[in-house]
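Please look over the sequence and the structure shown here before reading on. The notes after them are arranged by topic.

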Amino acid sequence: MSKTRILIIEDEKLIRWSLRQRFQDEGHMVDEAETAAEGLEKWAAATYDLVMLDYKLPDKTGLEVLELIRAQDQDVVVLMMTAYSSVESAVQAMKLGAFDYVSKPFQMDTLMLTVNKALATTQLKRELRDLRARMKQEYGFSKLLGSCAAMQKLFQMISDVASSGASTVFLRGESGTGKDLVAKTIHYNSDRANKPFMNITCTAITETLLESELFGHERGAFTDARQMKKGLLELADGGTVFLDEVGDMPPQLQAKLLRFLEEKVFRRVGGVHDIEVDVRVIAATNRDVNQLMEEGKFREDLFYRLNIIPVDLPPLRQRDGDVELLAEHYVQVYAKEFRKDVHGLTSAALKKLPAYSWPGNVRELRNVIERAVLLCKQNEIGPDDLVLGRGETRDSSVFVRLPAGGICIDEIEEQLVKQALALSNDNQTQAAKLLHLSRDQLKYRMDKYGLGKDKAAS
């Protein structure tokens, strides 16, 4: 572990010597400067973990030096020193970004406690900076894979949204299409990237807990509320909140969310004061929102407020050529993770992949490849290594063979609609997806063939 480095900018030689001796005894590297000009020159030439800065210097005040340093590096940790302690000067220093303020003469042990806290703060800031850099790299646009026209259009939309000031974004797509990845890509490629990204799945917790998680609560708001708690919206101030599965949010919370989106204020559970924050809300759902609104389960006014910038994620079956591209990518990822000598897929395996409908989308493909790499006995993944769990592979050249004597096409259509309804347990939305139809198109065919009349609408 490298030694920490401290810069002392102080015009009194004895104080510099005393601090140097103590810091070196503690194992730190120390540089000294007698004037503001010398201190700024040394600070610009090296990276320091802590700057010890005197309030009164021969050529500038310590506050002027602090302001110059902070203008170039907002994360630098500066500890002010002075023999002229006052409330006003302390407030000025803290406003300009000083970590703390100590008075001369020092109690050295007390000073070292403050110095150690400052150094710990430096370490935390560097770790946070490194984490943000890694997250930005992990969720950079280069990590988005897809060569088809639909994905190229999506990538451009994500880029435009990320650089915009849009406060709400609505991601729509089937389960497994990568809505969480898109949400993080928008956040980490925006000017909000250095602020928090908060993620909550609306179906993962109960209604009461979901309200508390989003908006926070005051002490005593309910039985177990022993202390005040900030919610995700408050904690994410300046950043992004990702509301996954928002289509399943309870009606009461929908009303509260709508108020927040319109007024930018909310109240904690049990609170009486409005709290104002600046967050971007990215909502996502795999549900048919139009159907939910028809059934009275989703507020129309909330839908229109969320749907200002809709982003539709195409299912994998509609991404021509991307299945093979993604499969090859995941082979490399999991071969490295599992330390397996697997280089790719055979031509027969590559041919098998697009012949499958991929109802679980990219998530299913990733899981299939992970299993194949883990259990593969050869250097390449063959067709037998690909276990496709939902549905059958289909001949990509022939879907239905026409009998020599011909057949009535309405009979085929009726049978397909019946099969889709049976597979989906009469859920019209799911049945429509199986047939690549809209719900209205499916309902037209059901009425045409007299199907479902004796059953309640799903």
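Predicted model: local features only at pLDDT ≥ 70, side-chain atom pairs only at ≥ 80, totals over all residues.

Residues are numbered from 1 along each chain as its sequence is written, and side-chain values use heavy atoms, with hydrogens and water left out. Helices (H or I, at least four residues) and strands (E, at least two) are DSSP runs, numbered from the N terminus.

**The five-stranded sheet**

- Five strands form an open sheet in the order E2-E1-E3-E4-E5, with parallel pairing, where two strands pair if DSSP finds at least two bridges between them.
- At the edges are strand E2 (29-33) and strand E5 (100-103), each of which pairs on one side only.
- On average, neighbouring strands of this sheet are turned by 20 degrees against each other, direction ignored.
- Strand E4 (residues 78-82) pairs with E5 in the parallel sense over four bridges, and Met80 has Tyr101 as its bridge partner in E5.
- Helix H3 (residues 62-72) packs on the sheet and touches strand E1 (5-9), strand E3 (50-54) and E4, its direction making about 150 degrees with that of E3; axes are lines fitted to C-alpha atoms, for helices over the stretch in contact, and angles run from 0 to 180 degrees between N-to-C directions.

**The enclosed strand E10**

- Strand E10 (residues 240-244) has five of its five residues buried, so it is largely enclosed by the rest of the structure; buried means under 20% relative accessible area, exposed over 50%, and partly exposed in between (1.4 Å probe, protein chains only).
- In a regular strand the side chains alternate between the two faces of the sheet.
- From E10, Thr240, Phe242 and Asp244 point one way, whereas Val241 and Leu243 point the other way, and all are buried.
- Strand E7 (residues 197-201) pairs with E10 in the parallel sense over five bridges, with Val241 as the bridge partner of Met198.
- E10 also pairs in the parallel sense with strand E13 (residues 280-285), over four bridges, and there the bridge partner of Thr240 is Arg280.

**Aromatic rings**

- The whole structure holds nine aromatic pairs; rings of Phe, Tyr and Trp (its six-membered ring) pair if their centres lie within 6.5 Å, and planes under 30 degrees apart count as stacked, over 60 as edge-to-face and the rest as tilted.
- One of these pairs joins Phe170 and Phe303 edge-to-face, at 6.2 Å centre to centre with 75 degrees between the planes.
- Because Phe170 lies in strand E6 (residues 168-172) and Phe303 in helix H12 (residues 300-306), this pair ties together parts that are 133 residues apart in sequence.
- Phe303 also forms an edge-to-face pair with Tyr304, their ring centres being 5.4 Å apart and their planes at 65 degrees, and Phe170, Phe303 and Tyr304 form one aromatic cluster.

**Contacts of Glu234**

- Glu234 is placed in helix H9 (residues 232-235) and is buried, with a relative accessible area of 14%.
- The side chains of Glu234 and Arg268 are joined by a polar contact of 2.8 Å, a polar contact being a pair of N or O atoms within 3.5 Å; within protein, one must be able to donate a hydrogen and the other to accept it, and residues adjacent in sequence count only if both atoms are side-chain atoms.
- Not counting residues up to four places away in sequence, Glu234 touches Phe266, Arg268, Ile275 and Val277, where contact means heavy atoms within 4.5 Å.
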